[in-house]
Amino acid sequence: MDKFAIIFQPQNLALYWTGFLATMELLAISLLAGGLLTLPLTLMRVSRNRWVSTPVWLFTYVVRGTPLLIQVYFIYYGIAQLEWVQALWDTVWPWTLFKDPFFCAVAAFSLNTCAYTVEMLAGAIKETPAGEIEAAQAAGFSKWNMMFRLVLPSALRRTLPGYSNEVVMMLHATSLASVVPALYDLTNAAYAIYKTYYLAFQPFIVVAVLYFILTFALVYVFRLLEKRFLAYLRPRTH
């Protein structure tokens, strides 16, 4: 039988489908959780109070300065394997969550994407044109009203191109979930087929093609969003 034909047997396609769903679930939950953490941490990051901004700066500095794989290991093989944490697995929340491999992977991915997004959004806030700030002050906007009605929406739009790259990077990073036992993502689906049929390349070529398709689908979606929300930045022709 042709080696690629083996890949397309129903049972193997089912493995890829299961892995695809797990990968997309990891990506969606990680981006959602990371996004929810991003807003408050960004406001802390741009604060002029060093006691407020420094802890966030330290968090983003450490996370962005270490490999994501090490962060996954640190949470699953580090924190989750501590004896006192395991002793609390069945009794005390949130330590009960650490017995779930999926939660450990999501925690690592969420913190990682949060750190990068905080720095992108904080940078966009700091680069808000002075004219916009002065106009808002002249209109009588309060500090928080100006932040949530002017500065933050403008920064979110201008961060969109950079954030699209972050989403694509997180899609690719979900393959690191394969190092966590009992997590069946696309990469682990390829591993399962490899171990069953001793196919060295074909299962991973299929996974690469799937990631390639997903990547361009995400890029296309973000290009549409940029066209919609960043239209005011394009030069106008008369």
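Student: Is Ala155 buried or exposed, and what is its relative accessible area?
Tutor: This is a predicted model, in which local features need pLDDT of at least 70, side-chain atom pairs count only at pLDDT 80 or more, and totals for chains, interfaces and linings use all residues. Residues are numbered from 1 along each chain as its sequence is written, and side-chain values use heavy atoms, with hydrogens and water left out. Buried means under 20% relative accessible area, exposed over 50%, and partly exposed in between, with a 1.4 Å probe and protein chains only. Ala155 is therefore buried, its relative accessible area being 0%.

Student: Which residues does Ala155 contact, leaving aside its neighbours within four places in sequence?
Tutor: Ala155 has its place in helix H8, residues 143-173; helices are DSSP runs (H or I, at least four residues), numbered from the N terminus. Contact means heavy atoms within 4.5 Å. With the neighbours within four places set aside, the residues in contact with Ala155 are Leu121, Ala124 and Ile125.

Student: How many residues apart are Arg223 and Glu226 in helix H10?
Tutor: The side chains of Arg223 and Glu226 meet in a salt bridge of 3.1 Å, N to O. Arg223 counts as partly exposed at 45% relative accessibility, whereas Glu226 counts as buried at 15%. In H10 (residues 202-229) about one helical turn separates the two, because they are apart by 3 residues.

Student: What is the orientation of H4 and H6 to each other?
Tutor: Helix H4 (residues 68-78) packs with H6 at an angle of about 140°, the axes being 9 Å apart. Axes are lines fitted to C-alpha atoms, for helices over the stretch in contact, and angles run from 0 to 180 degrees between N-to-C directions. Angles under 35 degrees count as roughly parallel, over 145 as roughly antiparallel, 65 to 115 as roughly perpendicular and the rest as oblique. The orientation of H4 and H6 is therefore oblique.

Note on methods
A salt bridge is a side-chain nitrogen of Lys or Arg within 4 Å of a carboxyl oxygen of Asp or Glu.
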